[in-house]
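Student: Please take a close look at one part of this model for me. I would like the ligand site, with the cut-offs spelled out.

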Amino acid sequence: MSGGPSLPQERKLVTAIPGPKSAELLKRRSAAVSAGLGVGMPVFVTAAGGGVIQDVDGNSIIDMGAGIAVVNVGNSADKVVENVQAQVAAFTHTCFMVAPYMGYVEVCEHLNRLTPGDHEKKSALFNSGAEALENAVKIARVYTKRQAVIVFEHGYHGRTNLTMAMTAKNMPYKQGFGPFASEIYRMPMAYPYRWMTGEENCAAEALEEFIHKVEKELGPENVAAIVIEPIQGEGGFIVPPKGFLPGLAAFAKKHGIVFVADEVQTGFARTGQMFACEDEGVVPDLITTAKGIAGGLPLSAVTGRAEIMDSVHVGGLGGTYGGSPIACAAALGAIETIEEHDLVSQARVLGEIMTSSLLEMQAKHPVIGDVRGRGAMVAIELVKPGTKDPNPDAVAQIVKYCTAEGVLVLSAGTYGNVLRFLPPLVMPEHLLREALEIIEKAIASLV
Ligand code: PLZ
């Protein structure tokens, strides 16, 4: 069976979810795979492309998750497949530090060109988002000769030891996995919907509290890096109010702190801009990317000011697989697809469809406390009607309903009460509207 963009773009259920074949395979999965890995959609995939995922039972499911913001260009995008096939036939691995190849250099050139700011930039490639974050911290520490790293409440940066310390949420990411890395300091996040004194005060008060804590408790001269997601992903698509990110960037600049934008989830056209920090003209010193960079192959990067990136001693950065030739070939195909098909604009088109429809739902269903996001990164926060009390049960029920109806949706949020939507940017509009109709039915069916 072949997937990719030519797969029929329809939702089609021929069995219950999971169907009998998937149900059998789920048994094999539990027998063979560690129980530590959760299951979202309980089906086994045979093909995927455009806006759909096909399973072993012949069901065609609408994909509102894009593999957690990875296949922005769609699964098996033509250019990705073409480049990967050519690369895999030419050579599969030499290790870039042992014998270099041009795919790596070209990906770095694109990253240096595409990321915000027109200063001289350099890049280094790794495998996963967490690895990019680890390396951004290493680089910032060497450059500043300081150790403290500032992160934010509700933030998510990965599951390795250092990035677990940087990630805010205990369950399921950290519980029992300590001890964690030291010198990580978590600051209050500007979370407009839940700001105690009201949304209008959020940016100014959050910044004030941030500056107070850093100046009085940490000492800015000890801080190597401020690391923040321009829109928090796993935390529940928390969009900081205007002024918060520029305020942090200005504080970092004043004190010689490296300002790191973690664009692992927001990057590569997702938010209707190539990178989310462009929205307020914020130019980070370093930017971490992964996910959408390579159309589904494992690749990540740190890109930033040449003087910072070059401050590391020769041999100080690397890894066996980082910037694998196959992943780089995929990235070149993904970047070409994003630019050629103007997926930046398409993210806005999809975002407008989602946001307007979800706002209409909010007017009818008080269980929707907040609708937020940017571009094709949109979420709803569910509350107990008439309050702002988190309602994770409603999210669980909606996910269950959508799963049964063949729509893959993802939850998020510190309180588990956020439903987030991240369709592939190539999803046909009719499929997106159909998914939204089912989501509304799920909300209407809440008991
Ligand atoms: N930074 C902003 O969103 C990964 C995590 C899925 P890796 N988010 C999805 C899960 O439950 O493990 C993420 C992110 C941001 C860093 C990461 C980490 O990226 O490629 O998963 O290591």
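Tutor: A polar backbone atom of G129 is 2.8 Å from an oxygen atom of the ligand. That is a polar contact, meaning a pair of N or O atoms within 3.5 Å; within protein, one atom must be able to donate a hydrogen and the other to accept it, and residues adjacent in sequence count only if both atoms are side-chain atoms. Side chains take part too. R159 places a polar side-chain atom 2.7 Å from an oxygen atom of the ligand. K291 has a side-chain N or O atom 3.1 Å from a nitrogen atom of the ligand. Cover comes next. On its own the ligand has 520 Å² of accessible area, and the protein covers 82% of it. Accessible areas come from the Shrake-Rupley method with a 1.4 Å probe; for residues, only the protein chains shown count as cover.

Now the wider surroundings. There are 15 residues around the ligand. A residue counts as near if one of its heavy atoms lies within 4 Å of the molecule or strand in question. G129 and R159 are among those that come nearest, along with A130, D262 and Q265.

A word on the basis of these values. This is a predicted model: local features need pLDDT of at least 70, side-chain atom pairs count only at pLDDT 80 or more, and totals for chains, interfaces and linings use all residues. Residues are numbered from 1 along each chain as its sequence is written, and side-chain values use heavy atoms, with hydrogens and water left out.
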